[in-house]
Amino acid sequence: MKSKILLLVTLLLISLVIPSSVGQTDYTPINRQLVQPELQVKEIDPRTTVLAAYFAKYNSPFQYHAQDFIDASDTYNVDWRLVPAISGVESTFGKRSYGYNAWGWGIYGDQKYSFASWRTGIFTVTEGLKENYIDKGYTDPLIMNKKYASSPTWGVRVNFFMNDLDKFATGYQSGIRAATQPFTKVAAASAQMAIK
């Protein structure tokens, strides 16, 4: 009896999901097929994991947008550390920003520029850096400094965060490798100590 009720509930749910105006033919819930969207499986880029952990260290809202940073950097062929590093200098990784603008992008004096979302900001800034800086020879933060920011230390601070992210990535990856190695050496050493 339970299986008949379960089948009936399932058929009712299927009939609710598929619109009745699928065609002129009279379809019954039994012979209708659900069309599933095609799913793409994407392996997580190790940079995304590192970047999310780095942002989490700073309690940044970007920890949930690490993949957007990686996707934007790959799309526009920009160093994956650059846009996060600029956000570190300009807004402490998005914690002190205006309208999803964590990069000081288009902000001069009282003029404030905002984006519709973090993702939009990430992609807009990355594309803008590629077109207006990198493609014009401003490839290093120290060189970008002259055009991007009025502070003479801006480029030094961006480089600091890029290097810090590199160190964090190296330590993070080492920590993962160390945590996943088998404990056989430790067990063997413990056994030898027990024998003595």
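At what angle do H3 and H5 pack, and how far apart are their axes? The views below are of a predicted model, in which local features need pLDDT of at least 70, side-chain atom pairs count only at pLDDT 80 or more, and totals for chains, interfaces and linings use all residues. Residues are numbered from 1 along each chain as its sequence is written, and side-chain values use heavy atoms, with hydrogens and water left out.

**View 1. Packing of H3 and H5.** The two helices pack at about 30 degrees, with their axes 9 Å apart; axes are lines fitted to C-alpha atoms over the stretch in contact, and angles run from 0 to 180 degrees between N-to-C directions. H3 is therefore roughly parallel to H5 (under 35 degrees; over 145 is roughly antiparallel, 65 to 115 roughly perpendicular, and the rest oblique). Helices are DSSP runs of H or I with at least four residues, numbered from the N terminus. The crossing of H3 and H5 is right-handed, that is, the near helix is turned clockwise from the far one by less than a right angle. Contact means heavy atoms within 4.5 Å. Among the H3 residues that meet H5 are Asp68, Phe69 and Tyr76, and among those of H5 are Arg119, Phe123 and Lys130. By class, this contact has five nonpolar, three polar and five charged residues. Ala, Val, Leu, Ile, Met, Phe, Trp, Tyr, Cys and Pro count as nonpolar, Asp, Glu, Lys and Arg as charged, and the others, Gly among them, as polar.

**View 2. Packing of H2 and H3.** H2 (residues 46-57) and H3 (residues 66-76) pack at about 130 degrees, their axes being 8 Å apart. H2 and H3 are therefore oblique to each other, and their crossing is right-handed. H2 contributes Arg47, Thr48, Leu51, Ala52 and Phe55 to the contact, and H3 contributes residues including Phe69, Ile70 and Asp74. Six of the contact residues are nonpolar, three polar and two charged.

**View 3. Packing of H4 and H5.** The axes of H4 and H5 (residues 118-132) come within 10 Å and cross at roughly 110 degrees, so the two helices are roughly perpendicular. Leu82, Val83 and Ile86 of H4 meet Val125, Thr126 and Leu129 of H5. Five of these residues are nonpolar, one is polar and none is charged.

**View 4. The largest pocket.** This pocket holds about 400 Å³ of space, the volume filled by probe spheres set on grid points joined across faces, edges and corners. On a 1 Å grid over the protein atoms alone, a pocket is an open set of points where a 1.4 Å probe fits, with protein on both sides within 12 Å along at least five of seven lines; lining residues have an atom within 4 Å of a point. Of its 23 lining residues, Trp103, Gly104, Trp105, Ile107 and Tyr148 are the closest to the centre.
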